[in-house]
Amino acid sequence: MRENLDPKTRLMDGNDMFRRLADPDLLTRLTKAHEPFIAILTCSDARVDPAKVFNLSLGDAFVVRTAGNTASDPSVLGSLEYAVDCLEVKALLVLGHTECGAVKATYECADPGNLDGALKDIECAKSKLDIADAKDHALVAESNVRLQLRKLGDTSTIIRDAMTRGELVMFGAVLDIGTGAVKFI
Ligand SMILES: [Zn+2]
């Protein structure tokens with residue numbers, strides 16, 4: 001059982017398998033060009049893997065992952081701006097998900113430590129909902145996606161200008177962990 005291997009051995013075995021299955025022509029092409037068609041800001045949650053959820057190939061998506069898929073850290077915004085400005089992605093997706101630990105932490109976590117900025121964003125997203133909806137974690141996750149989309153457009157001149165020029169579209173979505181279905185919003 002691979003699950004019983006120590007973490008490093010499990011990764012080494014996995015990489016052996018990856019190399020056996022990988023298309024050498026694709027790998028060669030990827031050394032010559034980095035041309036993702038989309039940038040995705042999503043959660044670090046291990047159950048949320050954009051490449052698997054959207055059946056993407058290596059090289060298709062430029063992915064930035066943070067707990068709670070928030071753009072509050074400057075390096076997150078800078079990474080997405082790099083994708084828009086230098087890699088010229090055609091779309092930017094903010095992908096939230098159900099059962100999000102960062103959303104749950106806003107109800108439970110006494111000391112968020114360095115996650116403070118992310119949790120403040122989610123609290124803000126919660127405040128946009130009425131009292132009943134603010135108790136529904138999935139609705140809070142969706143509200144947080146809308147908030148991040150607004151923040152990206154408001155904060156980044158690079159992103160806003162690309163959208164104004166018609167070179168970038170931005171949209172949000174929420175992944176249902178239980179069904180694998182993605183609801184675009
Ligand atoms: Zn999450």
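Ile40 stands opposite Leu93 in S3, a cross-strand pairing taken, like everything else here, from a predicted model. The two strands behind it are S1 (residues 38-43) and S3 (residues 91-97), which run alongside each other in the parallel sense and are joined over five bridges. As for what holds such neighbours together, strands of a sheet pair through backbone hydrogen bonds, either parallel or antiparallel.

Stepping back, S1 and S3 belong to an open sheet of five strands, ordered S2-S1-S3-S4-S5, and the pairing across the sheet is mixed.

Now to the helices. Helix H6 (residues 116-127) packs against helix H7 (residues 137-155) at an angle of about 105°, and their axes are 8 Å apart. Angles of 65 to 115 degrees count as roughly perpendicular, so that is how H6 and H7 lie to each other. On the H6 side, the contact is made by Asp121, Ile122, Cys124, Ala125 and Lys126; on the H7 side, they meet Val140, Ser143, Asn144 and Leu147. Sorted by class, the contact of H6 with H7 comes to five nonpolar, two polar and two charged residues.

Definitions and conventions: Residues are numbered from 1 along each chain as its sequence is written. This is a predicted model: local features need pLDDT of at least 70, side-chain atom pairs count only at pLDDT 80 or more; totals for chains, interfaces and linings use all residues. Two strands pair if DSSP finds at least two bridges between them. Helices (H or I, at least four residues) and strands (E, at least two) are DSSP runs, numbered from the N terminus. Axes are lines fitted to C-alpha atoms, for helices over the stretch in contact, and angles run from 0 to 180 degrees between N-to-C directions. Angles under 35 degrees count as roughly parallel, over 145 as roughly antiparallel, 65 to 115 as roughly perpendicular and the rest as oblique. Two residues are in contact if their C-beta atoms, placed from the backbone, lie within 7 Å. Ala, Val, Leu, Ile, Met, Phe, Trp, Tyr, Cys and Pro count as nonpolar, Asp, Glu, Lys and Arg as charged, and the others, Gly among them, as polar.
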